[in-house]
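Thanks for passing this one along.

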Amino acid sequence: MYETLDKSLLKQVGTSATRLDITEKLTGEAQYVSDMVFPGMLYAKIKPSPHARAKILSIDTSKAEALEGVHAVLTGEELDYRIGLYVVDKDILAKGEVRHFGEAVAAVAAETLALAQKAVDLIEVEYEVLTPVLNHMDALKEDAPLVHPDLGNYDYVKAVFTPIPGTNIANLTKLRKGDVEQGFVDADYVIEREYDNPSVQHVPMETHVAIVKWGLGDRVTIHTSAQSPFTVRNLFCRTFSLPLNKVRVIIPHVGGGFGGKAGIHIEPLAACLSKKAGGLPVKFQATREEEFSLLPCRSALTYRIKTGVSLEGKIIAQRMDMYWDAGAYADYAVNVTRASGYSASGPYEIPNAWVDAYTLYTNKPYGTAYRGFGHVEFHWGIERHMDLVAHTLGMDPMEFRRLNALKPGSITLTGEKINEHTGSVIACMDAAAKAIGYGKKTKAELQREKETGLKLGKSIALLQKAPAIPSNTATAAVVKMNSDGTVSVTVGLTEIGQGSTTALAQIVAERLGFRLDQVFVKVEKDTDSDPYDWQTVASKGLVLSGNACILACNDLLEKGYKVASHILKASEDDLSHDADFIYIRNHPDNRVSWSEISIGYAYFDGIGIGGPLIGVGSYIAQGLSNLDKETGQGNPALNWTFGAHGIICEVNPVTGEYALRKIASAFDVGKVVNPELLRGQIIGGMLQGLGTAMCEGYIYDKEGHLLNPSFTDNKIPTSMDLPFEVEAIAVENSQIDGPYGARGVAEHPMISVAPALGNAIYEAVGADLTHMPIRAEDVWRAMEDKKPIDNWITKTPIGSCQPWPDPEHPISSQTKKP
């Protein structure tokens with residue numbers, strides 16, 4: 001919408017307006033659920049399982065129930081409810097069997113947090129320990145224990161997902177394009193390798209927290225730190241068979257989400273405790289350790305890629321087999337599998353492609369959405385693999401990418417045709433490469449190598465992502481004029497730190513022609529009063545909510561002009577307006593103020609016309625379809641956002657220690673709405689991507705105990721870990737259906753940071769890495785060609801897993817046709 005407007009005509013869009021919520025947050029005035037206390041409120045604690053898999057033989061809660069001040073004690077046997085986003089497979093509390101370390105087996109609500117903890121400690125649980133499935137590759141074996149023997153009895157979204165009963169496969173996404181086998185026959189080289197990465201935690205500043213009151217007449221009020229109020233309400237009502245108008249979900253400020261708060265998690269448990277406690281509000285806030293073990297994480301991935309190429313470097317065929325570790329429950333992991341499946345090739349045109357993407361149950365904390373929705377993980381494999389193929393052919397990796405990158409006229413894996421307005425990954429690549437001086441070392445860099453003994457490497461990595469959303473994803477906006485001519489905006493999109501409140505205010509101010517200080521966008525969300533939004537995920541908010549806001553502004557302007565035309569006795573076509581007045585174009589002094597007509601205009605004789613000016617806009621994703629379950633063909637993409645990272649890294653060739661000198665990140669954002677917000681998104685996402693690349697990852701022992709469930713041993717980067725130089729670059733090729741041509745870019749800065757680092761280390765010292773995170777010892781071992789000490793999970797030899805077409809084929813190989 002309005003994507004063809006000359007940038008010079010825009011007054012609000014494209015400016016670095018200060019975040020509208022900055023004062024509240026910096027002064028501590030912003031209220032979070034963590035801050036809230038209600039009269040009579042109880043505090044909840046859970047009893048976690050010490051085992052990864054065990055049969056629950058008995059639970060004795062008598063000592064906990066006898067404590068004064070304990071109002072409710074619950075076990076799974078009391079709760080005949082099951083929750084699930086796409087596959088309904090999870091009990092609120094474990095029933096009969098625990099499926100991962102840290103899973104809740106009982107819960108208490110008491111008058112103080114200390115008392116609740118004391119009561120939980122008094123609960124006695126007797127277990128029969130069972131053999132867990134800890135490696136997602138082992139989950140495929142014929143003799144593997146079934147994590148969910150009743151998988152065939154679960155409800156699931158049949159149009160999209162394919163769980164396979166009698167196995168540990170929660171979903172299988174397939175994609176077929178062209179003739180892969182013939183493509184490999186026609187190829188001059190066939191190159192294949194396996195890549196993997198572990199589960200990681202979202203670590204939002206504010207842990208999961210909810211306060212729930214189950215009131216009279218089954219009226220439930222939920223205050224929660226979730227990302228998506230309407231999703232919480234819908235799933236909650238489905239779980240408890242309640243009508244939607246009985247449940248109210250309120251979300252104030254949220255201290256970060258990154259996908260981990262996208263679905264429904266702790267709200268049902270707090271609700272059940274409240275109901276048992278006679279309707280008193282119950283607050284449950286996860287500890288940091290519970291964030292790691294009780295709540296969901298990002299799924300681990302093993303990715304096998306087999307690529308056939310011509311001597312000239314053109315990709316002819318590619319087989320991609322993805323094995324995603326769902327953990328104990330399907331949650332978002334099945335949709336991560338679907339989204340990664342149709343993007344599996346990265347931003348490259350593959351004429352003959354085969355993708356099998358498996359979601360596999362294991363006895364570990366379950367996987368969910370995480371910033372990038374699977375793309376961080378599989379781009380690690382794709383972008384390392386593209387360098388491998390290029391080096392095998394003796395080609396420059398950047399030129400190899402240029403030859404195979406998506407461009408106008410290219411056909412994606414699912415059959416979508418790339419157009420001029422889709423965006424340009426090549427422009428992003430060129431911008432990032434220029435920023436780091438790709439392909440050569442300056443005199444200063446050569447001198448630094450000589451003086452320090454460190455080796456410098458430069459590399460690039462590309463990326464793509466489209467919003468992973470259903471075909472009927474929709475949203476709405478309401479723009480209400482106040483009696484002083486200011487406007488208040490309500491949307492269902494949640495502000496979780498991404499700056500959407502400010503960006504939407506700029507879009508509204510731009511479309512109305514108002515000053516920014518005339519526009520207020522409400523941060524707090526309330527399903528009883530705010531318009532619907534599907535979810536705050538997938539980088540779709542700016543596009544969908546931005547368009548809804550424009551349509552709501554159009555509606556308000558149309559209503560305002562209609563009233564003004566009567567007052568000014570002029571045709572609506574002859575009117576114009578500014579921030580304060582509607583006026584006749586050729587007689588601008590003949591005017592009426594917005595404030596005069598905002599809530600109804602009164603003539604001198606007292607007769608009134610008009611009424612409150614309220615604009616309503618609804619927008620639904622255009623042109624999407626479900627994918628064919630056998631071929632994966634269809635149109636899953638609202639839009640594509642392309643990007644590239646360029647990295648300069650220096651490595652100690654003796655110890656493997658390394659440091660980032662510079663990272664340059666370029667994204668085709670369509671149209672920049674707020675340059676400073678964009679820069680913040682890029683730097684924040686890049687640093688989060690470095691955490692994945694350098695240090696983050698779950699570590700388990702052989703019994704499935706999580707060994708690093710805190711920041712003591714599970715490190716995340718801080719501002720002190722930033723590269724010496726950071727450059728954020730915006731490429732602008734307008735998106736036709738984006739607000740003023742804009743695309744979303746919230747997730748993308750995190751994608752492909754890891755492979756850019758891995759590629760740079762290879763260029764510096766020849767250390768060829770296929771597993772992340774990349775620690776100094778991993779670089780040293782790769783330089784010395786030594787096998788790593790596997791702290792993550794025990795690998796399964798490729799021959800013991802099916803379905804790989806040739807079980808005896810080496811994991812890493814290059815073959816040339818005779």
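1. Let me begin with a contact between two side chains: that of Glu 650 meets that of Arg 448 in a polar contact at 2.7 Å. Please keep in mind throughout that this is a predicted model. Glu 650 sits in strand S31, which covers residues 641-651. With 6% relative accessibility, Glu 650 falls under the 20% limit and therefore counts as buried.

2. What else does Glu 650 contact, once its neighbours within four places in sequence are left aside? Besides Arg 448, the list holds Leu 454, Lys 455 and Leu 456, and also Glu 657, Tyr 658, Ala 659 and Arg 661. Leu 454 deserves a look on your screen: 196 residues separate Glu 650 from Leu 454 in sequence, while their C-alpha atoms are 6.0 Å apart in space.

3. Next, please turn to Lys 283, a residue of strand S14 (residues 282-285). Is Lys 283 buried or exposed? Its relative accessibility is 8%, so Lys 283 counts as buried. The side chain of Lys 283 reaches the backbone oxygen of Met 36, at 3.1 Å.

4. The surroundings of Lys 283 come from several stretches of the sequence. Leaving aside neighbours within four places, Lys 283 is in contact with Val 33, Ser 34, Asp 35 and Met 36, with Met 41, Leu 42, Tyr 43 and Ala 44, and with Val 209, Ala 210 and Ile 211. For a pair set apart in space, take Lys 283 and Asp 530: they are 247 residues apart in sequence, and their C-alpha atoms are 24 Å apart.

5. Thr 490 touches Asp 530 and Pro 531, along with Ala 476, Ala 477, Val 478 and Lys 522, when residues up to four places away in sequence are not counted. At 18% relative accessibility, Thr 490 is under the 20% cut-off, so Thr 490 counts as buried.

6. Lys 261 has 1% relative accessibility and so counts as buried. A polar atom of the Lys 261 side chain lies 2.9 Å from the backbone oxygen of Gly 256. Not counting residues up to four places away in sequence, Lys 261 touches Gly 256 together with Val 254 and Gly 255. The contacts of Lys 261 also include Pro 204, Glu 206, Thr 207 and His 208, as well as Ser 225, Ala 226, Gln 227 and Ser 228.

7. Now some backbone geometry. Most residues other than glycine have a negative phi, and most peptide bonds are trans. Phe 258 has a positive phi of about 55° although it is not a glycine. Phe 258 is found in the loop between strand S13 (247-251) and helix H6 (267-276). At 30% relative accessibility, Phe 258 counts as partly exposed.

8. Tyr 740 also has a positive phi of about 55° without being a glycine. The loop that holds Tyr 740 runs between strand S33 (725-731) and helix H17. How does Tyr 740 count, buried or exposed? The answer is buried, because its relative accessibility is 2%.

9. Please also check the peptide bond that joins Met 772 and Pro 773: it is cis, with omega at about 10°. Pro 773 lies in the loop between helix H17 (753-765) and helix H18 (776-784).

10. Finally, the chain as a whole. The protein chain has 18 helices and 34 strands. Its radius of gyration is 28 Å, close to the 28 Å that the globule rule gives for 818 residues, so the chain is as compact as a globular protein of that length. Along the principal axes, the C-alpha atoms fill a box of roughly 95 × 75 × 55 Å.

11. Of the 818 residues, 62% count as buried. Among contacts between residues at least 6 apart in sequence, 79% join residues at least 24 apart. The accessible surface comes to about 29,900 Å², and carbon and sulfur atoms account for 53% of that surface. As for charge, the chain has 79 positive and 100 negative side chains, and the centres of these two sets lie 2 Å apart.

Methods
Residues are numbered from 1 along each chain as its sequence is written. This is a predicted model: local features need pLDDT of at least 70, side-chain atom pairs count only at pLDDT 80 or more; totals for chains, interfaces and linings use all residues. Side-chain values use heavy atoms; hydrogens and water are left out. Helices (H or I, at least four residues) and strands (E, at least two) are DSSP runs, numbered from the N terminus. The radius of gyration is taken over C-alpha atoms; the globule rule is 2.2 Å times the number of residues to the power 0.38. Buried means under 20% relative accessible area, exposed over 50%, partly exposed in between (1.4 Å probe, protein chains only). Contact means heavy atoms within 4.5 Å. Accessible areas come from the Shrake-Rupley method with a 1.4 Å probe; for residues, only the protein chains shown count as cover. Lys and Arg count as positive and Asp and Glu as negative; His and the chain ends are not counted. The place of a charge is taken as NZ of Lys, CZ of Arg, CG of Asp or CD of Glu. A polar contact is a pair of N or O atoms within 3.5 Å; within protein, one must be able to donate a hydrogen and the other to accept it, and residues adjacent in sequence count only if both atoms are side-chain atoms.
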